[in-house]
Amino acid sequence: MNIELSNKERMDELHIKNYRIIQNEDMFCFGMDAVLLSDFVKGKKGAKVLDMGTGTGIIPILLEAKEKGAMFKALEIQKESVSMARRSVALNGLQEKIQIVEGDIKEASKLMKASSFDIVTCNPPYMNHSHGLTNPDLPKAIARHEILCSLDDVIREGARVTKPGGSFYLIHRPFRLAEIFGKLLDYKLEPKRMRLVYPYIDKEPNMVMIEAVRGGKSMIKIEPPLIVYEEKGKYTKEIYEIYGMKEEEAKN
């Protein structure tokens, strides 16, 4: 399919089912966190899935490629990202499976039918006003800092659109774990699985992935740590497998 690219846009390979994604180097491009979250999701072939704050659509595209759902909706507030996500969906011939909706996370339960998704995912902004400097480039700042939505907004709306017994998936920073768990429980999302991500085996974790079940019983499984780098410039075997790449391919 012939898809037009705007200035500074590019097509990146996703190393699965020959899928590609459109990104713009001047905006926020997806990172490892989105790839790891898509791998962490325990999806079912018939599941109805919502990704909140989808950016350029990376998570629903990867989830579809891994057959972790049947129908996907993805919510994004930035017009430029919505345009790229819709063109990426068309580029991969996924118009019948993935719908990109322009809208605000804070209004998710109004834009979508409440309690209607088996799986809800979110890779939200990690930093609030107390955490670090805001990026002067607004699109990147919106992706990284709680400018347009807060953690409370994300979890509140995630809970509202998740079916009873459905799963809400989140990737975030470990230093906000106490806050995250508190808000999940406030909105009746019971943490059931958690996995910490470490840049190196001897470093502190810098990401955490959580699955919470709406109305679930109290019990959580802590999964083995995920180590990103074996040494500088070389991923661990598990990271190469998650990316669907061999070490030799990554060097090219």
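Contact here means heavy atoms within 4.5 Å. The views below are taken from a predicted model.

View 1. Thr121 belongs to strand 6, which covers residues 117-122. Its relative accessible area is 0%, so Thr121 is buried; the cut-off for this class is under 20%. Apart from neighbours within four places in sequence, Thr121 is in contact with Leu37, Val41, Leu50, Asp51, Met52, Ile59, Leu63 and Tyr169. With Asp51 there is also a polar contact, made between the side chains of Thr121 and Asp51 at 2.7 Å.

View 2. Helix 2 spans residues 58-65, and because eight of its eight residues are buried, the helix is largely enclosed by the rest of the structure. The buried residues are Ile58, Ile59, Pro60, Ile61, Leu62, Leu63, Glu64 and Ala65. Just after the helix, Glu67 adopts a positive phi of about 55 degrees.

**View 3. Ile98 in strand 5.** Ile98 is part of strand 5, residues 98-102. Ile98 counts as buried because its relative accessibility is 4%. Leaving out residues up to four places away in sequence, Ile98 touches Pro60, Ile61, Glu64, Phe72 and Val89. Among these, Pro60, Ile61 and Glu64 are buried residues of helix 2.

**View 4. The C-alpha pair Ile98 and Ala85.** Ile98 and Ala85 are 13 residues apart along the chain. A distance of 9.8 Å separates their C-alpha atoms.

Notes: Residues are numbered from 1 along each chain as its sequence is written. This is a predicted model: local features need pLDDT of at least 70, side-chain atom pairs count only at pLDDT 80 or more; totals for chains, interfaces and linings use all residues. Side-chain values use heavy atoms; hydrogens and water are left out. Helices (H or I, at least four residues) and strands (E, at least two) are DSSP runs, numbered from the N terminus. Buried means under 20% relative accessible area, exposed over 50%, partly exposed in between (1.4 Å probe, protein chains only). A polar contact is a pair of N or O atoms within 3.5 Å; within protein, one must be able to donate a hydrogen and the other to accept it, and residues adjacent in sequence count only if both atoms are side-chain atoms.
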